[in-house]
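User: I have a two-chain model open and would like to learn how to read it. Could you take me through it feature by feature?

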Amino acid sequence: MDWTAFRLSLWLAAWTLAVLLPLGIVAARWLATTRSRARPWLEALTALPLVLPPTVVGFYLLVAFGARSPLGDAFARAFGAPLAFSFAGLVVASVIVNVPFAVQPLQRAFAAIPAEVREAAQCCGLSRWQAFVRIELPLAWPGVLSAAVLTFAHTLGEFGVVLMVGGSIPGETRTIAIAIYDRVQAFDTGGAGTMALLLVAVSFATVAVAFGLSDRWLARATR
Amino acid sequence: MRRLLAALLVFFASAAAAQGALVAAAANVKFALDDIVAAFGRDTGHTVRVSYGATGTLAQQIENGAPFELFVAADEASIERLAAAGYTRDRGAVYAVGRLALFVPRGSTLAVDATLADLKAALADDRLKRFAIASPEHAPYGRAAQQVMERAGVWDTVRPRLVLGESVAQAMQFAAGGDAQGGLVPLALASAPALRTRGSYVAIPDAMHAPLRQRMALMKRAGAAAIAFEAYLRGPMAREILVRHGYAVP
């Protein structure tokens, strides 16, 4: 059992969530309410990681992060370590591949809030920020929850992109999914089996807890 | 805001902090190198972290900035290319010469025959459906397997039935899984204790392919632990382990 890899996966999921959720909320709120003609294009852009194979996303990220690209070079100069094959690089990659998993539930949640509610909030003298925090965000809470759960669970299970941009560096980029692959390649079926079972259990529990929370919320909301 | 910055700083610092020498190694040396790393740890107290993969893939990762300190390759050409591009300290050293083996999983009708005569027969009478090798495009052992089959006169007939592993480890996985009727894989993997119950193997005469001289080199960023490990790899203990795993040593 590779606990380092398991901890790394949890850590990666937490960082992805911390970075992506605030950005996702802002983007989804804008997409849900804008009348811009660019909207379908931007929506398509946020859904793109869902339909592209991980090798394509991974390839572009590898090229963008590599020491030979301007971005990779600037990062390496600033932090003294390359972005590709580092934990920081994995976080960036993970945020990008998880955009659809966060933005889509959030956007649906914000779009479900009737325009009258927003107008009523404005009439009551709430500023846009106050209305957002006190009215819209609580109404969109189930969307926020499912965005968080999907992002977290999907990051735990992400394989292709991590393999492409992460290599398999113990304690740095060897996540639990990669560790399972490595164990299988080393004919350690027992080790692979234990880790796979743990991953199934954690993912199952995460999603079950989320469903439970959302049921409780619904029960309270309809009371 | 200040707390966030502090957290970010800690995060990047911890991400950059090294925990033992970081080594990239060709998949064929996996079992031997695991033993050598354990012996090195016992003798010196240093820890070594190893990433295994196909030599071509690892070389590509190094060119893209992967933070490895020592590259233990499956061939000489990758090291020479990296040396010419200025990634390594020097041209490195040959640490082992590898051999290929024909691995036949339990239940396969293929004979464990080093001349590949039965492979030819099995292709003719359609007993052979799938045969595993590593991808000749980026795995040196895959190229050697291709040379062996060309020399045995079966390359053109076997080609449509090949399953290509991304690395020798994956080719070994295909060959041992029982879905392929056999495979040409590194002797060091075929003879590993983990595979004893999976099938049988025979070493291929090394005159059948260009010598699999395997070179290693320290990267420019190598620290003290990596330098010590590279020296250890050329020492008597490591050589003994390599020989036990089926390699010839220089």
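Analyst: Happy to. Let's begin with contacts: two residues are in contact if their C-beta atoms, placed from the backbone, lie within 7 Å. Among contacts in chain A between residues at least 6 apart in sequence, 74% join residues at least 24 apart. Please keep in mind that this is a predicted model, in which local features need pLDDT of at least 70 and side-chain atom pairs count only at pLDDT 80 or more, while totals for chains, interfaces and linings use all residues. Residues are numbered from 1 along each chain as its sequence is written, and chains are lettered from A and ligands numbered from 1 in the order in which they are written.

User: What does the secondary structure of chain A come to?

Analyst: Helices (H or I, at least four residues) and strands (E, at least two) are DSSP runs, numbered from the N terminus. Chain A has eleven helices and zero strands. Its C-alpha trace spans about 65 × 45 × 30 Å along the principal axes.

User: How do I describe two packed helices?

Analyst: By the angle between their axes and the distance between the axes. The axes are lines fitted to C-alpha atoms, for helices over the stretch in contact, and angles run from 0 to 180 degrees between N-to-C directions. Helix H1 (residues 3-33) of chain A and H5(A) pack at about 40 degrees, with axes 7 Å apart. Angles under 35 degrees count as roughly parallel, over 145 as roughly antiparallel, 65 to 115 as roughly perpendicular and the rest as oblique. H1(A) and H5(A) are therefore oblique to each other.

User: Which residue classes make up the contact of H1(A) with H5(A)?

Analyst: Ala, Val, Leu, Ile, Met, Phe, Trp, Tyr, Cys and Pro count as nonpolar, Asp, Glu, Lys and Arg as charged, and the others, Gly among them, as polar. The contact of H1(A) with H5(A) has 18 nonpolar, six polar and one charged residue.

User: How many residues of chain A are in contact with chain B?

Analyst: 23 residues of chain A are in contact with 19 residues of chain B. On the chain A side, helix H4 (70-79), helix H5 (87-111) and helix H10 (176-185) each supply at least two residues. H4(A) gives the most, with three residues. By class, that side has 15 nonpolar, eight polar and no charged residues.

User: And how is chain B divided into domains?

Analyst: Domain bounds come from an automatic or database domain assignment. For chain B it gives domain 1 (2-97 + 212-244) and domain 2 (100-203). Their C-alpha centres lie 28 Å apart, and 15 residues of domain 1 are in contact with 13 residues of domain 2.

User: Why is helix H8 (residues 168-177) of chain B described as largely enclosed?

Analyst: A residue is buried if 20 or more other C-beta atoms lie within 10 Å of its own, exposed if 12 or fewer, and partly exposed in between, with C-beta atoms placed from the backbone. Nine of the ten residues of H8(B) are buried, so the helix is largely enclosed by the rest of the structure. Among them are B:Val168, B:Met172 and B:Phe174. Just after H8(B), B:Gly178 takes a positive phi of about 95 degrees.

User: Is B:Thr88 buried or exposed?

Analyst: B:Thr88 counts as buried, with 22 C-beta neighbours inside 10 Å. This residue sits in the loop between helix H4 (77-84) and strand S4 (93-98) of chain B. Its contacts include B:Ile79, B:Leu82 and B:Met219.

Methods
Lists of a residue's contacts leave out its neighbours within four places in sequence.
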